[in-house]
Amino acid sequence: MDDLVLLHGSPAQRGEQLGVCQKALLKKRVAEFRALCEKHHLGPTDLPDRARQITTTLNVLGPEWLAEARAGAAAAQVPATSLMAITYPPEKVQPALLPKRANDSTAFGVSLDLSGTRALLMKNCDGPDINHHVISRAKSPGTFAYVALCEAADIGIKAFVNEAGLAGTFHIGPPVDDYTLTSIQPSLVLRHLCERAASCAQALSEFDALQKRIGPGTPDKRGVCYLFADGFGEVLLLEATATRHQAHRVAEGFIVATNKFQLTDPTQSRLEPYRERALRIHLGAEPVTLARAVAGSRLDQRAGGEKGVCDADTRASFLAALGGGGKPSFALVTLGSPLYNVPFPLFPHLGAPPEMVNGTAYEAALKSLDPSGELAENRALYEEALTQKLGIVTPSTTTDQLTAIIREMGVLALVYAAFASETLQPKA
């Protein structure tokens with residue numbers, strides 16, 4: 001395995017590292033975005049206007065992010081305005097960049113005390129075919145180190161686990177009357193909380209302050225469902241419109257989140273999505289372990305026209321394990337559908353394989369393939385080895401030992417991928 005990619009140093013240095021690594025990916029993503037804009041007949045000033053609006057806000061909220069993005073764009077030889085416009089797309093193209101249905105993503109958070117692991121958080125990403133990648137970012141003054149799942153060219157994040165033991169994600173929720181078109185998109189809100197909050201309580205406090213100060217955007221006039229879990233064993237569901245939010249915290253049990261609000265007027269009827277019910281039954285059937293959480297990310301049963309937790313079009317899966325008492329927290333990241341690909345372990349502040357950062361791992365994984373029994377057996381062997389290696393992680397495990405786990409599992413993941421490419425055939 002090549003050297004791991006860890007974004008560190010000044011904002012400009014971090015941006016340059018990412019831009020060099022993602023040069024081909026960013027060029028492709030910018031070209032696709034511009035083609036989409038042309039298809040929707042955007043005017044010559046639409047993209048510069050969006051870039052100017054988000055730049056003005058980021059100069060207040062996250063000037064480091066702005067410096068990082070500009071350095072990354074320069075290193076990748078793409079316009080910085082394109083990255084800004086992709087993060088905050090014009091209203092005409094925004095729906096094409098979001099899940100087409102209001103039921104395309106699923107997540108759960110579980111509070112537990114399992115060999116030092118206090119909580120788990122899982123997110124499956126669906127929706128448009130946008131290249132998903134990971135970043136591993138070192139700490140900087142006032143911010144935590146973290147591992148995050150991202151969409152190409154969006155300077156925000158989709159799911160994360162930070163070194164303080166907080167994990168989080170978001171879904172685009174249902175249509176709402178209380179909406180705003182401000183430039184602070186949910187991916188930027190999540191990054192803001194990721195870098196500054198160490199617990200669910202702090203995440204809620206930071207969000208409350210941010211909403212009062214700036215007013216986060218509600219893309220396509222839809223609300224946003226955030227889900228967090230922390231190393232204290234707490235899980236937080238936060239549902240937000242433009243000016244209001246509701247929160248529900250549990251310190252024992254689990255929360256399943258989809259793209260629908262759950263915390264509205266209890267007198268109103270609510271139809272539970274099938275995949276939400278399937279996960280609730282799965283998680284409640286027996287004590288939750290890391291392996292059982294991984295299995296939950298692969299639930300592919302359907303109910304009529306309603307999809308399961310996972311299918312062949314699932315773009316990526318992110319599972320965070322939050323350690324308590326000094327045990328390191330980590331993420332298991334699957335690029336491509338978990339039905340055909342294996343989860344890879346990543347620890348905050350240790351870096352990630354370049355293939356997972358530059359987009360090539362996603363491109364290789366995202367294929368329409370049929371599983372075989374032999375493939376499932378090999379995947380089970382990989383995950384057995386993964387469970388054994390993660391099972392020996394304690395608060396005293398050294399950085400070198402954690403890095404060795406990443407490298408060793410990288411070798412095994414390559415073996416699995418090579419076997420899969422020989423075993424799986426394109427669908428007829």
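Analyst: In this predicted model, helix α6 (residues 186-196) packs against helix α7 (residues 200-213) at an angle of about 135°, and their axes lie 10 Å apart. Because angles over 145 degrees would count as roughly antiparallel and 65 to 115 as roughly perpendicular, α6 is oblique to α7. The crossing of the two helices, α6 and α7, is right-handed.

The contact can be followed residue by residue. From α6 come Val 189, His 192, Leu 193 and Arg 196, which meet Gln 202, Ala 203, Glu 206, Phe 207 and Leu 210 of α7. By class, five of the residues in this contact are nonpolar, two are polar and two are charged.

Another helix shows how burial can be arranged around an axis. In helix α1 (residues 11-21), the buried residues are Pro 11, Arg 14, Gly 15, Leu 18 and Gly 19. They lie on the same side of α1, because the arc they cover around the axis is only 130°. An α-helix has 3.6 residues a turn, so residues three or four places apart point the same way. The cover over the buried residues of α1 includes α2 (23-39), α4 (63-76), β3 (132-137) and α10 (354-357).

Val 235 belongs to strand β8 (residues 235-240), and it counts as buried because its relative accessibility is 0%. Beyond its neighbours within four places in sequence, Val 235 has contacts that include Gly 109, Val 110, Ser 111, Cys 200, Leu 227 and Phe 228. Also among them are Ala 229, His 248, Arg 249, Val 250 and Ile 255.

How values were computed. Residues numbered from 1 in each chain as written. Predicted model: local features only at pLDDT ≥ 70, side-chain atom pairs only at ≥ 80, totals over all residues. Heavy atoms only, no water. Axes fitted to C-alpha atoms, helices over the stretch in contact; angles between N-to-C directions. Helix = DSSP H or I, 4+ residues; strand = E, 2+ residues; numbered from the N terminus. Parallel < 35°, antiparallel > 145°, perpendicular 65-115°, else oblique. Left-handed = near helix turned anticlockwise from the far one by under 90°. Contact = heavy atoms within 4.5 Å. Nonpolar A, V, L, I, M, F, W, Y, C, P; charged D, E, K, R; others polar. Buried < 20%, exposed > 50% of the residue type's maximum accessible area, 1.4 Å probe, protein only. Arc of directions from axis to C-beta.
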